[in-house]
Amino acid sequence: MEGFDLISTGVWSIIPPLLALGLALITKEVYSSLAIGVFTGMVIYQFTLNGAGFEQLVDSFTMVPQMMAEQIAGNGALLLFLALLGALVVVIAAAGGSRAYAEWVSTHVKNAKMAQILTAVLGIIIFVDDYFNCLTVGAVMRPVTDRFHISHEKLAWIIDSTAAPICIIAPVSSWAVAVGGYLGEGGFTTFVQSIPYNFYALLTIVFVFFMCATNRDFGPMRVAEAEVQQPTERQHRIPPKDSALEAMSTARLSDPKEADQLPVNLETIVAEEDELDEAAQTAVEEFKGIKVSEKGHVLDLVVPIVVLIIFSILGMLYAGGFFQGIDFATAVGENPVFGLCIGVCVALVVAAGMFLPRKLMTLSGYMEGISEGVRSMVGAIMILVLAWSLGGTCRYLLGTGEFVSGFLNSIGVGLVFLPAVIFVVAAFIGFAMGTSWGTIALILPIVIGVFPVENPLFLVAIGATLGGAVYGDHVSPISDTTILSSAGAQCNHLRHVATQLPYASVVALICLAGYVVAGFTGNPWISLAGGAVLMVVAVIVLNMSPYGAVKK
């Protein structure tokens with residue numbers, strides 16, 4: 001990087017990422033943790049080169065914005081795509097296509113099984129953003145699933161288990177571009193190549209459809225499903241709006257004391273109530289004040305997303321020179337982020353052409369939607385810039401990766417076991433922090449340094465990082481997507497956490513075994529095939545066991 005030289009700082013090179021990680025776990029605040037990590041890295045860099053002193057400390061401070069500016073300048077197209085994608089998400093939400101889809105579904109669904117499967121399908125279709133996914137799928141499908149006596153706990157689980165998993169493996173999504181940015185040069189191509197190694201996301205999606213098709217529930221979910229099959233004995237109860245958490249949750253119990261009968265010790269899962277309330281307030285505020293049209297059509301939901309996909313691919317081909325004779329594979333990987341920017345711009349124009357003439361929204365409302373969408377992405381952009389800066393400090397200044405790799409080799413630790421270890425570590429951090437993006441931002445800089453790109457384990461480790469982060473986020477009660485899934489399904493938040501935990505953990509344990517196998521083979525397909533078989537066996541055994549059986 002311009003103005004920076006790579007030096008060897010030995011054991012000091014791991015201090016910045018470890019410090020950022022430790023602070024994030026303690027404070028559960030990602031921005032300041034990453035910023036302090038970057039500054040600490042600059043101090044180590046300056047002190048190693050020029051000795052300790054006040055002048056070097058000042059230089060270290062000034063190098064932080066310099067590093068951030070370098071990262072912003074080198075990733076401008078990526079940041080533009082994130083901002084425009086946020087704008088598209090809000091505009092689509094305001095057009096009312098989701099409402100029309102709900103009306104269409106309600107006339108075509110004939111049984112509970114089909115209602116669950118269509119809920120999962122809609123979760124797959126809305127892959128561009130997980131926040132948009134959670135609230136849209138919940139609002140659209142809740143009336144349908146209520147009609148067939150499907151518990152709000154089951155609905156919340158389906159929403160949560162299709163939102164982040166599909167976003168983390170969809171090349172045209174805010175997650176894909178973010179992860180590609182964390183990975184540095186050629187990062188988008190690396191992300192696409194790592195998709196088969198993201199065992200948790202892939203197997204979770206398979207697990208959702210299997211459970212929806214077979215209804216082989218177990219554990220607390222079996223209790224929730226059994227309770228809702230007796231609708232005359234239960235009624236919706238909206239709790240007093242004394243807190244943000246209570247305002248966005250619905251207990252759905254005729255007697256509040258029944259909440260204590262859930263066969264899971266919730267106190268062992270959750271943190272302080274005020275911590276949950278703060279997380280809920282933050283999540284709900286993201287989508288506050290969006291006015292939704294009542295005249296939308298199903299195509300108002302489908303067409304902009306289809307246009308986004310088609311023109312993103314065409315944009316990649318155009319930017320890569322495909323129409324000038326470059327082969328397809330080379331063209332797609334040449335400048336993919338610019339292609340995504342083309343796709344989202346075309347989608348916004350098409351959306352305006354569809355919505356404005358039919359008066360689904362006014363021109364000022366359309367522009368307000370764009371402004372609100374860009375604003376909603378500011379937090380994600382800040383995390384990206386700070387994570388890039390920490391990664392750049394470790395990679396281009398301190399030589400963190402080289403030190404960690406050399407240390408592991410010197411003590412005889414086989415790298416083949418590291419993907420499984422990375423999966424566990426990422427899961428723990430994701431659970432403690434309640435964020436997938438923050439977890440990925442903290443771990444990927446270290447992973448990239450440990451494994452050279454040509455190493456067969458490189459993609460396995462990337463997949464383990466992404467999968468572990470999503471699992472930790474899934475089982476964390478302070479996760480924004482977990483809270484939004486509860487809100488979208490109008491499910492009591494703690495009941496959602498308790499019922500989802502066993503389901504997510506079954507898949508995670510299978511993935512852990514899969515990463516051990518992949519560490520030795522470097523092949524994702526063996527782990528995925530074996531994982532799918534183990535998953536089916538585990539569900540059948542758990543369903544036949546007394547675990548979660550309703551007591552008479």
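Is Phe199 buried or exposed? Phe199 is buried, at 1% relative accessible area; buried means under 20%, exposed over 50% and partly exposed in between, with a 1.4 Å probe and protein chains only.

The model is predicted, so local features need pLDDT of at least 70 and side-chain atom pairs pLDDT 80 or more, while totals for chains, interfaces and linings use all residues. Residues are numbered from 1 along each chain as its sequence is written, and side-chain values use heavy atoms, without hydrogens or water.

**Ring pairs**

The whole structure holds 10 aromatic pairs. Rings of Phe, Tyr and Trp (its six-membered ring) pair when their centres lie within 6.5 Å; planes under 30 degrees apart are stacked, over 60 edge-to-face, the rest tilted.

Select Phe199 with Tyr515: this pair is stacked, 4.5 Å centre to centre, with 25 degrees between the planes. Phe199 belongs to helix α11 (residues 199–214) and Tyr515 to helix α25 (residues 493–521), so the pair ties together parts 316 residues apart in sequence. Helices are DSSP runs (H or I, at least four residues), numbered from the N terminus. Tyr515 is buried, at 0%.

Next, select Tyr200 and Tyr471. Their ring centres are 5.5 Å apart and their planes at 65 degrees, so the pair is edge-to-face. Tyr200 lies in helix α11 and Tyr471 in helix α23 (residues 457–474).

Then select Trp157, Phe207, Phe218 and Tyr503, which ring pairs link into a cluster.

**Helix α15**

Finally, select residues 299–319, helix α15. Leu299 is in this helix and is partly exposed, at 46% relative accessibility.

Conventions
Helix = DSSP H or I, 4+ residues; strand = E, 2+ residues; numbered from the N terminus.
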